[in-house]
Amino acid sequence: MNQNNSPLGDEGMKVLKFGGTSVANAENIQKVINIVKSNEEPQIVVVSALGGVTDLLIKVGTLAEKSDETFRDVLQQLEKKHLDTARALLPVMHQSSCLSMIKQQFNELEEICNSVFYLCELSLRTKDRIIAFGELLSSKIISALMQATGVEHEWIDSRKVIKTNSNFGFAAVNFGVTNDLISYTITAAHKKLFIVPGFIASDENGNTTTLGRGGSDYTAAIFAAAMNASSLEIWTDVTGMMTADPRWVPNAKTINRISYQEAMELSHFGAKVIYPPTIQPVMQKSIPTWIKNTFESEKAGTVIEEFHFPLGEGGEDGGIITGISSINAIALLSLEGSGMVGIPGFSKRLFEALANEKINVILITQSSSEHSICVAVNTADADKAKEAVDRAFEIEIAQGKVEPLKVELGHSIIALVGDKMKSHPGISGRMFDALGRNGINVRAIAQGSSERNISAVIASDDVKKGVNVLHEAFFESTFKQLNIFIVGVGNVGSKLLSQLKQQQPFLSEHLNLQARITGIANSKKMLFVDNGNDVNLDNWKDTLEKGEAMQLNKFVDTIIEKNLRNSVFVDVTADETVATVYAKLLSKAVSVVACNKIAASSSYQNYAHLKSLAKEYNALYLFETNVGAGLPVIGTLNDLRRSGDKVNKIQAVLSGTLNFVFNHYDGTRPFADVVRQAQDEGYTEPDPRLDLGGTDVMRKIMILAREAGEHIEMEDIINNTFLPASCFEGNVEDFYKEMLKHEDHFKKLYDEAASKNCKLKFVASFETTPSGGGGASVGLQHIPSNSDFYHLYGKDNIVLFYTQRYPEQPLVVKGAGAGADVTASGVFADIIRVARV
Ligand code: ADP
Ligand code: ASP
Ligand code: MG
């Protein structure tokens, strides 16, 4: 048929299709009627079955086949639904003929189901007859309503005009016959409005067939193409084709304009909003096709039409990717074996075997070096495929040249689609980087030869996360969601929560970061919030109080099960057990931010293992607050090294406790009293010997030495302790007594320094030797007034980095190195670092 040969002369004709939700009940149907009535042009209105009806009809058939009497209950439920809808729509005086039509249809349907019930057999042919009732009923009810309101129209039985082969359930259209029948029927009727049931057709023998699930869209496209319609409008429950399925990605946005090819790819890869075969007929006739929302009819929606982007240019919004879609219930089939190399016709035989069974191959990858071909099919086809392929390669399998077909279930396909990909290299890199960063393993990859799509097979458990991750990477480059799980909400932890609360609006406005607190725990209780929500930071204490009993393993497992993108575990405890869960989390690509020093200062092997896990799984393991609280000490060191500098020496005063003690001790009151004051004011560990004995400082200098590249253990650090040996015996109270006994010793330390006009500071040093390795030590030193360490007050810490670039005058980091507020802000900064990689 040629393009300008409209049977209605110059007058354009529109085809409108209303989906299941649009006609789900009387209220919605009323909206449909209003849309139809607001149209001036002649129109063909194609309707789906009332929402959910096709599924229920299938259920009726399968129950009857299993001789399950309850099929009658479902039938009754269906009948009631249709009767109720008709009653609600039609004025009473017009109801009776419609109600008796519905009853008559259900009688007929019941008879068919009874035969299925008695024969215990449901052929595809009978199934099509059963499910056809959905569209027949909905279209007839709407037609009755039109009639009752005096709207002149004609109801057309699509089975009379759409002719197909006898592939029941998924029949192929005979376009030659169909186009003529449609154009003849419509032209002969001389009406401006036609009501048509979607989805159904008939074969050469007049048996009812259907066009595949979602096929009403296709019916509409067939009518539009046959009539050279001026446009096709698919009216549904979302405002257009969106950048991703809005049920999964709340930030998905409407695509204003999309090419036929892109729409075809997106729907092929699972964007259910349009049934894939729909595009072909309208594309051939260049009929612009709109996707519009019945419930927001004023919005433009999406137009699918012919257009090309000038090479190298972005789309309307500058983006390269048009949309992301996914298909669930995918089985991966792999045919492997050395016998495959170089033998021509191998893949032909594989695909023939699948085609003979009418198995649709969704994605193909082939690797000659690995002697394997991998294809993705629907899970429902997996058994059939296995049987067919193993049969086709029976001989090679028996000879050991080929392995029996390997079938792996539980997969999904995720696809990026965009016409502009062709002119923009690096898309797949970005795609796999984003997936990898979130611990999503890619099993197989394919790129369409048109370079219009890249698709990847991933585990179904990861698919929702994957779609969100990609959406964030390609459509929300300016917006990112961070899912934060915090263990330890004591002093530092609660400060962190209040900083997060205060800063959330800034983060979202200026960094486009949505920092969600998804789980919190203290040693007694734990609390998680469901998808999409945050822990309410106004009353988290009360809510946590009501939470479930804390079990660390369960907390960790829940994080892993939730499988949320950009997950970060924050350890604000000093707990040894909490430090043992990092490895498990990192190997699930969950980043770890630790205020807890235990892991970074444990054995070198453990430290290095955690670092390498982080690298391997693209997660971050950050512990800036392990040294100098919120001061940028580790960050600075890392920056120096990353930019090619080499550390020669680090000298530092890293203990707030020891600073306090030596800033306050001048021999006028006992050393033990000053230590007691430090403990009372919260500057010390519960056992102050950890600070005074130098262990805490040793840990810190060891962490710095490790970050500078040194394989160093605690035993390698020389501790020139100033505490007499007897101080390490007994409990904390014994320690205080021992200090009193040794007051002379402490006084002497002070006097010796004071006599030289020096102050006492507990200094940590690390130095690399020219031969490579390095040594570290900690101990009290006399600090003269010209030293960088001399003017160090309160809780200040100081770190001097002597490097190749800073050989004589060191790079100095100095400031408050203890306190809940600054520590919390250091943890906060690490959390933000996770978001900004
Ligand atoms: P109808 O019954 O109107 O034919 P469908 O349920 O078949 O409606 O299709 C509409 C649904 O498709 C939407 O509700 C939405 O959840 C889903 N969908 C999946 N992917 C997309 C996408 N990319 N854009 C819009 N909707 C999508
Ligand atoms: N009612 C059919 C289905 O649910 C066809 C359609 O709605 O497009 O698959
Ligand atoms: Mg649909």
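Is N228 buried or exposed? Select N228: at 11% relative accessibility, N228 counts as buried. Buried here means under 20% relative accessible area, exposed means over 50%, and partly exposed lies in between (1.4 Å probe, protein chains only).

Before moving on, note that this is a predicted model, where local features need pLDDT of at least 70, side-chain atom pairs count only at pLDDT 80 or more, and totals for chains, interfaces and linings use all residues. Residues are numbered from 1 along each chain as its sequence is written, chains are lettered from A and ligands numbered from 1 in the order in which they are written, and side-chain values use heavy atoms, with hydrogens and water left out.

**Stop one: two loops**

Stay on N228. Its place is the loop between α8 (216-226) and β7 (231-236). Helices (H or I, at least four residues) and strands (E, at least two) are DSSP runs, numbered from the N terminus. Check the backbone: phi of N228 is near 50°, a positive value in a residue other than glycine. Most residues other than glycine have a negative phi.

Now jump to N563. Phi of N563 is also positive, near 50°. Look for N563 in the loop between α18 (552-562) and β21 (567-571). With 16% relative accessibility, N563 counts as buried.

**Stop two: the whole chain**

Zoom out and colour by secondary structure. The chain has 28 helices and 29 strands. Its radius of gyration is 36 Å, well over the 28 Å that the globule rule gives for 837 residues, so the chain is more spread out than a compact globule. That radius is taken over C-alpha atoms, and the rule is 2.2 Å times the number of residues to the power 0.38. Draw a box along the principal axes: the C-alpha atoms fill roughly 115 × 70 × 55 Å.

Of the 837 residues, 53% count as buried.

Next, consider contacts (heavy atoms within 4.5 Å). Among those between residues at least 6 apart in sequence, 72% join residues at least 24 apart.

**Stop three: salt bridges**

How many salt bridges does the count come to? The count is 36. Each is a side-chain nitrogen of Lys or Arg within 4 Å of a carboxyl oxygen of Asp or Glu.

Select E69 and R72. Their closest N and O atoms are 3.0 Å apart. E69 is partly exposed at 46% relative accessibility. R72 is partly exposed too, at 25%.

Select R247 and D245. This salt bridge has its closest N and O atoms 2.7 Å apart. R247 is exposed, with a relative accessible area of 63%. D245 is partly exposed, at 29%.

Select E707 and K611. The closest N and O atoms of this salt bridge are 2.8 Å apart. The pair links distant parts of the chain, 96 residues apart: E707 sits in helix α25 (residues 695-707) and K611 in helix α20 (residues 604-616). E707 counts as buried at 4% relative accessibility. K611, at 30%, counts as partly exposed.
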